[in-house]
Amino acid sequence: MADLAATAFVRVANRGAITACVILSVVMQALDTTIANVALPYIQGSVSASADQINWVLTSYIVAAAIMTPPSGFLAARFGRKRVLSAAIVGFVVASMLCGAAQSLSQIVGFRLLQGFFGAALVPISQGILLDIYTPEERGSAMALFGVSVMVGPVLGPVIGGWLTENISWRWVFYINLPLGALAFTGVAIYLKETATNLTAKLDWIGFGALSLGIASLQIFLDRGAQLDWFDSGEIIIEAAVCAAAFYILVVHTFTAQNSFIKPRLFLDRNFSVGMIFIFVVGITYLASMALMTPYLQTLMGYPVVTAGVVMGPRGLGTMVCMFVVGRLIGKVDIRLLLTAGLGVSAWAMYDMSGWTPDVSQTTIMVTGFIQGAGLGLLFVPLTTVTFATLPAQFRGDGTGLYNLSRNIGSSVGISFVAYLLTRNTQVNHAEISNYVTPYNRIFENLAIKQAWDPLKLAGRAALDEVVTRQATVIAYIDDFKLLMLLCLAAIPLVILLRSPKRQEAPTEDHAMVME
């Protein structure tokens, strides 16, 4: 009896150690998704980049991660989870060091691509490990813990990134990955047992190549479209054609090849298919709103980088708190109700943000951010649970890869699209407001206003242009927040397509192998 108790204790202890190691690797990857946000204005000045070019620092990382996420299942099956996870941690840390040492925009974008390539496997492999080492009854809590690790970036990223940028250098937002990576690698090397490898596993290079080319060309199309005036540019036409052709080849190949890169069988599971759409929407609203908030706080409101980071922190705190609560509600409350509540709360937060001006108080920003984070917490855990609830165990590795791919594509597309709309709407609003700025406007009969903004004088016109640009930018932000609100509301009807599992899934064969 004592031996059984000791064995059980060792298994529980090993499971706890494995959980801590994989969670730390996920935290490192999640932290790097957002920690650079508050440092973007400093990076922009350091590498002499324009306002639209600096977003490539964010999107290049996300696109690379999106491309390399689906093959993570194949790599784990071919070489073993432990080897792939260890290599991903080492490569991620090395790429982070190179990002910190970059001296030009091309260098930092290139190293961010490398960082995304290695970091892509961290999340799906870690998620797969947690799904395997916990029983079906415990997976709700396990996914809550996993969700917290994924979403810890919004809590710690802006705060740590702001402090490091203000007190040391923006380069340290990348150098900080060294101690985190060293701890995660050491833990994985000691506690995680290698899984069985399948030396006959092959990668569908046609499917993988088509997917990679499609995603890369789509992102370049979105990033450079506004700068080159869209289809008036030959480059944009070529990129659009390549994107369409690549995705066409991918779809045809997927449904005709015997062992395609993407398994069509996955999409026969209704929960998984709907979950892919949901996580795409979550990806858009999650990082796109973060990308909007950074310039709003630092440029429009004039916040120092540390203050901006602190003000943005409560959003992630709301996510973490709500995830812990929701993790205990899984199985007791209908998941569809939780998802509806999460989308509704997120939409309300966006609605509130659409009424902001640069005079909004810090308290309002923090409270609204906390509520928005709570809405995300209501979404993430139930969505992950219900998406994989009815998916057979043998498809889980490929499923987690595609699931995270959808989130990454949503994030990159969302950032590019809201950035484009912000620039375009600012120009449109500027032109419309300028129609009312004429010497014949009776407001200039006020001597105090005319003295400061005399449209007949050079200094007055410059001052007027600054005010008009500021107002036009505020309205453009409002338009973006409204768009994100409508996107959340539009996703609510999809909830009725989800179904709750009628039976609990048996433990997987990998469970014992990972825990030995």
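I started with the aromatic rings: ring pairs link Phe221, Trp230, Phe231, Phe417 and Tyr420 into a cluster. For my own reference, rings of Phe, Tyr and Trp (its six-membered ring) pair if their centres lie within 6.5 Å; planes under 30 degrees apart are stacked, over 60 edge-to-face, and the rest tilted.

Note on what I'm looking at: this is a predicted model, where local features need pLDDT of at least 70 and side-chain atom pairs count only at pLDDT 80 or more, while totals for chains, interfaces and linings use all residues. Residues are numbered from 1 along each chain as its sequence is written, and side-chain values use heavy atoms, with hydrogens and water left out.

**Whole chain**

I looked up the fold and found 20 helices and zero strands. Helices (H or I, at least four residues) and strands (E, at least two) are DSSP runs, numbered from the N terminus. Of the 516 residues, 54% are buried. Buried is under 20% relative accessible area, exposed is over 50%, and partly exposed is in between (1.4 Å probe, protein chains only). I also checked contacts (heavy atoms within 4.5 Å). Among those with a separation of 6 or more, 84% join residues 24 or more positions apart.

**Ring pairs**

How many aromatic pairs does the structure hold? I got 15. One of them, tryptophan 356 with phenylalanine 481, is edge-to-face, at 6.4 Å centre to centre and 70° between the planes. Tryptophan 356 sits in the loop between helix H15 (335-353) and helix H16 (362-389), and phenylalanine 481 is in helix H19 (residues 458-491), so this pair ties together parts 125 residues apart in sequence. Both residues are buried.

Then I went to phenylalanine 417 and tyrosine 420: their ring centres are 6.4 Å apart and the planes are at 45°, so I wrote this pair down as tilted. They are three residues apart in helix H17 (residues 396-434), which means about one helical turn separates them. Phenylalanine 417 is partly exposed because its relative accessibility is 39%.

**Around H4**

Arginine 78 lies over the face of phenylalanine 79, at 5.1 Å from the ring centre. The rule here is NZ of Lys or CZ of Arg within 6 Å of the ring centre and within 35 degrees of the ring normal. In helix H4 (residues 72-79), I found Ser72, Gly73, Phe74 and Ala76 buried. Just after H4, glycine 80 has a positive phi of about 100°.

**Nonpolar patch**

Which helix gives the largest share? It's H6, with four residues. Helix H5 (81-101) and helix H6 (105-119) each supply at least two. Valine 90 lies in H5, and its 41% relative accessibility is why I call valine 90 partly exposed.

Asparagine 271 is in helix H13 (residues 270-300). Buried or exposed? Asparagine 271 is buried, because its relative accessibility is 0%. Not counting residues up to four places away in sequence, asparagine 271 touches Val386, Thr387, Thr390, Leu498 and Arg499.

At 13% relative accessibility, glutamine 298 counts as buried. Neighbours within four places aside, I listed its contacts as Val38, Pro41, Tyr42, Tyr303, Val305 and Ala308.
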